[in-house]
Amino acid sequence: MMLFKRVAHVGHLPDRRILGLSKLPRVLEPFSRRRQVQEWLTKQVADWLDDQIDPQDGGVVLGTNICA
């Protein structure tokens, strides 16, 4: 196994509910604790945002930095 560091960018265009910036890491943390591939994690976070806060639009981008 290789060591790597994940970098996450999450954004949303609020409709009715506004999610504060401090809440976004709290959304990512439970999903990221599980062993899974990056694509599934991205989809899970995007689906959660869509289901819970129903934004006009949103985006989730995850990246990896491999640690040497």
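Asp-54 lies in the loop that joins helix 2 (38-52) to strand 2 (57-66). The model is a predicted one. Although Asp-54 is not a glycine, its phi is positive, at about 50°.

The protein chain holds 2 helices and 2 strands. Along the sequence, these elements run in the order β-α-α-β. Contacts were then examined by separation in sequence. Of the contacts in the protein chain with a separation of 6 or more, 69% link residues 24 or more positions apart.

Overall dimensions and surface were computed next. Along the principal axes, the C-alpha atoms of the protein chain fill a box of roughly 45 × 20 × 15 Å. The protein chain has 68 residues, and 24% of them are buried. Its accessible surface amounts to about 5,400 Å². Carbon and sulfur atoms contribute 56% of this surface.

The protein chain carries 10 positive and 8 negative charges. The mean position of the positive charges lies 11 Å from that of the negative charges.

Methods. Residues numbered from 1 in each chain as written. Predicted model: local features only at pLDDT ≥ 70, side-chain atom pairs only at ≥ 80, totals over all residues. Heavy atoms only, no water. Helix = DSSP H or I, 4+ residues; strand = E, 2+ residues; numbered from the N terminus. Buried < 20%, exposed > 50% of the residue type's maximum accessible area, 1.4 Å probe, protein only. Contact = heavy atoms within 4.5 Å. Areas by Shrake-Rupley, 256 points an atom, 1.4 Å probe, with all protein chains shown as cover. Lys, Arg positive; Asp, Glu negative; His and termini not counted. Charge placed at Lys NZ, Arg CZ, Asp CG, Glu CD.
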